[in-house]
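Work through the exercises below with the sequence and the model at hand. Each task is followed by a stepwise solution.

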Amino acid sequence: MSLINKLFDSELKVVNLGLESFCKDLKEQHVECVHVNWRPPSAASKFLYKLEEENLKEKIENANREAINRLLEAQPVILGVGTAGADIPGMTKKTILHAGPPITWDRMSEPLRGAIIGGLIYEGLASNEEEARALAASGEIIFDACHHRSAVGPMAGVVTYSMPVWKLQNKAFGNYAYCTFNEGLGKVLRFGAFSSEVINRLNWMEKTLAPVLKEAMELKGEIDLKSIIAQILQMGDEGHNRNKAGTSLVFREIAPYIVKTNFSDEVKAEVLTFIDKNDHFFLNISMPACKCSLDPLMDIKYSTIVYTMSRNGTDFGIRVSGTGNEWFTAPCEIVQGLYFPGYDEKDANPDIGDSCITETAGIGGFAMATAPAIVQFVGGTPKDAINYTNSMYEITCAENNSYKLPNLNFKGTPTGIDVRKVIETSILPVINTGIACNRAGVGQVGAGIVHPPMKCFEDALKAFVNKI
Amino acid sequence: MVQLKAVYICKDLMNYITKQKLIEGQIHSVFKNACNIVANDKFITILNKNKYMSPMSLTVYTEDETNFISLGLKQGLKVEIDVNDIICPKENIYINLQGAKLWFSDAELKPTALHVENILNNLKLLENTIKTEAKLYGIGSLVNILSKEIPELNLITFTIDYVDTNFDFIRNRFINFINIAAAGNIENISFAAEKVIGFGTGLTPSMDDFISGMMVSFIYLGDYYNLNMKAIYEFNKELIKRGLNKTTKISSEMLKHSSIGKTNEAVKQLMLSILHELEEEKIIKAFINTINFGETSGSDTALGIYTGCRIMTNLRYRRVWLNEAMH
Amino acid sequence: MKLCIETRKNTYYDSVALMLITKEIKKMQGVKEVIVGMATDLNKELCANLNLSNDEIKTLTPNDFFIAAASEEDNAIEKIIKKVDELLNSKKDEGEAEIKARTLQGAVKQLKGANMAVISLPGKYAAEEVRKAINNNLHVMLFSDNVTVEEEIELKKLGRDKGLLVMGPDCGTAIINGIPLCFANVVNKGDIGIVGASGTGTQEVTVIIDKLGGGVSQVIGTGGRDLKSEVGGIMMLEGFKALIDDPSTKVIVLISKPPAKEVAEKILEMVKTTEKPVVVNFIGGDRNQIEKSGAYACISLEDAAHKAVSLSKGEVSEDFDGFSIEEALIDEIVNKEAAKLQSSQKYLRALYTGGTLADETMKLLGKEGYNIYSNIPLSPEFRLKNIHKSIEHTCIDLGDDDFTLGKPHPMIDPIGRVERLPKEAEDDEVAVILMDFVIGYGSNMDPAGEMLPQIIEAKKSFEDKGKYLSVIGYICGTEKDPQSYIKQAQKLKDAGVILMPSNAQAVRLTAKLLNKIK
């Protein structure tokens, strides 16, 4: 039977491009019709044609399948606690790691500079702000992206030699990931504060918090993060901006072992209280979990999957599997969101932090549908949260096999951003994030939604096409 | 994608787009019935199909009334313009320029069959219509003062129900400005104008609308009386020179256009009615169409036209502009 | 007295809003003085003069908005800001109700079993999306025009090779599985299948089939250019074949303006391949050629419908060239109208929104010996020099490009005809106005209502001159259409319009009237 005659025998199901009134008329007649919010192809989408050729297309599809499989097979676990100096590859007393793509001191924004100043003071390399600034600008300090050293950091993401770090491993591939402990809210290093309050807390974390957690982990063994992340998505968290459930679950996992350590009751109580009072404690665990899940995708020839998204407060950078460790950067945008009383757009720093590694792995903003509470902080309605997640399916390759969304009928989260689809649809990945103040040390001034600049994806596509 | 179709487009705008080939601009401001774009320092306005065409603007059609705000247009959004279309990529809005009818903003200066008595009669009609229909809370109070302060102008008094204290402040400057303008005093006009331009509420402050009307009437009447047009254009240019950066961008653009006689369709029809129309009904209709423009913008412009006409129809003021060749 | 200042940089409110704000704030309790506006130098000076200025205001530019007020109340500024925001109604819109896909691909993913794409994008983008649709195995309804002939040929060949429908470009009418697509009427289901290359022509045939108690199985559109020699009738042939193979279709009707010679031959060849009766309306085409191939020729769109309905009942009908009501009653109407006309009134002005109907009108009147001027004339010597000025007998297609540049089609927005009718009414030699009113999906919600004031006005102006203007009309639609057919008819009848049940009959009535007053 010809397809036309088949059509006569079927129910009409229509896709509408153009005048929306046609779609409305069809719906009035109870015909299933989807209206396409169509937009003209961009200049970059011309490159997409070059990838349409049969053979090439197949190679890309195969490579992407490989990439997605690696991501979905990841088994991130917490091994224990270490220090940056001992565990992070190539770390020296004068090395400072930061969030985002590589950047020089002169181009850094204030929160990042503030964090570096704090880091230098903490390490004893400078005794005050003036000295720290001079030292940072001198060329003696080696700056590098956390991402280059298997590490990630939220906001300024500054990691220095003496800092304690979580040690994670992706059991499926053996690769490691590291992240410092989350300091809490208010005046903290990651927002660029470097007052004595900050330094004192860093010292307490190094000398008190870390040893307790280290011993507790030695007693506990490992903590499986995949199942924890899967659980928190069903508890209203999304692993980036909302981490209450995650923090609570980790607290439950580790509290009995903290009690069993050889420290004084007072110290154990301090540590437990510290975790309890910090809703975002889990962020510094979810981030490296995503990092070590994504690193194995680093160099799959012909794959267009994005395995890194990150910002340093000045530039937004992405890395694509098929183009290896090349960064594609463009100026970060300003976050659109709600501001805490007393603050507004004038106070906002451009987007900053490695935390969008969570979105890269399919949680965070991509799982917004499951965290409707977040709309209170970023503006919008719960319907918006669902719409955001739904639109992400258009730019990703797969539905996650472990991370499911209860209110979307347990559909897996949109996972595996495909550069080609971003260009084709003009839909940019959505990121839920905090807004840092553009003056060092003030802290968080709001929260909201931000997107990577399209240019990153356009450049990545061009480079990809040139490479093959 | 929302598709709109351009119905009319200003010829100057079309020429500009054709010359530039591709223009990148940004949305400057959005209202229910209009949207302004700024590109390379030029101002482009998109209007609802019901609005009168203006210089550097275009009108668009959709099935329901276009409400630019609910289309999602916002300040700062990027816009791309070429001879075929205007696209706002972020909000996925596409305006098809093909087939749009060209509209000319230039002053339509042409010989008329009317005698001076007819024109003066039309001015009387304008007076009456202003008295009964115009919104006088823009520049109305100030113009009202002129009838007492400068009786030679032969302006009527209106009844104004209230007294706005704002105007005391500017009263004397305005009288001074009118005196200098009426005298055709090119040496002092820019200084006098500078002291009043930008005064009043509105994106096009009432004073600016008034001055627009006045400059336009100088041009049309200058042509009617066969005056030294070159000098009149120079005068207008000089008039606005210092005031251009003292007022809103939108008003600044309007003043520039008006100074060379380029106006919106309603004002053009008003001037043409004054100079060419004999049927009372049609003249009054043209006045009312102008008066209904904006909130007080139309009325303020009509007052400016009225004042300018009174100046030009008075030989005492007009003789400054006589062509040397005529003597 | 407290000074309350609110500034908003680079913010523009329209004058109505500003007026409202000023008024409302002035009314507020305790407010003694207020200035609202853009911070031009003058306005800033004014503020200073009235002691309503401060440093913040001084730093503003003319492109910044400000409110400066003096109030006796505490917290006045908060109240003022609240009031302003209320007035400006700057509430955010509620979140979107449904997800819309961003691409065709995304939509296909979302809609399981999608089988058709309806595309009405601007011409320059349409072809690529059609290609994508075909690659996704979707049939296509392509409403867009300004698609090149080369693209049309490529896409139709692509569709044909995959066995998919590519209806268009410039295809406005189709009814698939009983569902009207784009501009089409709601018509009874039945066993008559149609392939049509012209929008209103197809609509006319379907509504008359419905009126006669018949019904349609499928109505396939091909777009206006399909039967030109370059395109070669690809879709007409594909659609024809599908109807031949469709068990629900017992009678087939083919509608088009006269095709290119070789294309007509190909189509008529196919007639021989089926036992199903085929009615061919190549509007004005060669009757002999059609009948030689075994198909039934027709003299009008209405006739095509009549023949199809008869054939579906197993009968063969004669050419229908008469009226649905008794000839005697028709003559009565004609005589009454003629009696009111003055002898100086001789001309017909037919104002059509449907191009094919206009074409049919001219052909039928041509047979009666009338030469009709038009913007789409039957022969070049009758082209109107100025399409905006009718002369003698004139029939205009207001939907033609010349009239629709920069404007929507008159079936959507009748403004073109609303403005044209008074012009015709200024001509004292006009006797008859003939108009079509097309309803159905896609059309204006009230075509009759939109024209009504002008019709009444025109008739009155003729009365005032001691003359009479005869207005004959035809509503192309069914009672199931979203516009109320009955209400439309009532409105027109009440205004004195004589309504006929088909375009051909409206024309025939007109011809009788013109003959009478000759």
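Two strands count as paired if DSSP finds at least two bridges between them. The model used here is predicted.

**Exercise 1. Strand pairing between chains**

Determine in which sense strand 1 of chain A and strand 4 of chain C pair, and over how many bridges.

Step 1. Strand 1 of chain A covers residues 13-17.
Step 2. Between this strand and strand 4 of chain C there are 4 bridges, where at least two are needed for a pair.
Step 3. The sense of the pairing is parallel.

**Exercise 2. The contact of chains A and C**

Describe the side of chain C that touches chain A by element and by residue class.

Step 1. Chain C brings 43 residues to the contact and chain A brings 39 residues.
Step 2. On chain C, at least two residues each come from helix 5 (104-110), strand 4 (116-119), helix 6 (123-135), strand 8 (179-182) and helix 9 (234-245).
Step 3. Helix 5 of chain C has the largest share of this side, 5 residues.
Step 4. Sorted by class, the side of chain C that touches chain A holds 22 nonpolar, 13 polar and 8 charged residues.

**Exercise 3. The contact of chains B and C**

Do the corresponding analysis for the side of chain B that touches chain C.

Step 1. The contact involves 31 residues of chain B and 25 residues of chain C.
Step 2. Strand 1 (2-10), strand 8 (93-96) and helix 4 (166-182) of chain B each give two or more residues.
Step 3. The largest share, 4 residues, belongs to strand 1 of chain B.
Step 4. The classes on this side of chain B are 13 nonpolar, 12 polar and 6 charged.

**Exercise 4. A sheet in chain A**

Step 1. Strand 13 of chain A is joined by 2 bridges to strand 9 (residues 306-312) of chain A.
Step 2. Within this pair, R311(A) has G353(A) as its bridge partner.

**Exercise 5. Nonpolar cores**

Which residues touch the most other members of the largest nonpolar core?

Step 1. This core has 275 residues.
Step 2. Those that touch the most other members are V15(A), I119(C), V140(C), M141(C), A174(C), V253(C) and V279(C).
Step 3. Helix 6 (residues 206-224) of chain B gives the most to the core, 11 residues.
Step 4. A second, separate core has 137 residues, including A132(A) and C437(A).

Terms used. Residues are numbered from 1 along each chain as its sequence is written. Chains are lettered from A and ligands numbered from 1 in the order in which they are written. This is a predicted model: local features need pLDDT of at least 70, side-chain atom pairs count only at pLDDT 80 or more; totals for chains, interfaces and linings use all residues. Two residues are in contact if their C-beta atoms, placed from the backbone, lie within 7 Å. Ala, Val, Leu, Ile, Met, Phe, Trp, Tyr, Cys and Pro count as nonpolar, Asp, Glu, Lys and Arg as charged, and the others, Gly among them, as polar. A nonpolar core is a set of buried Ala, Val, Leu, Ile, Met, Phe, Trp, Tyr and Cys residues joined through C-beta atoms within 7 Å. A residue is buried if 20 or more other C-beta atoms lie within 10 Å of its own, exposed if 12 or fewer, and partly exposed in between; C-beta atoms are placed from the backbone.
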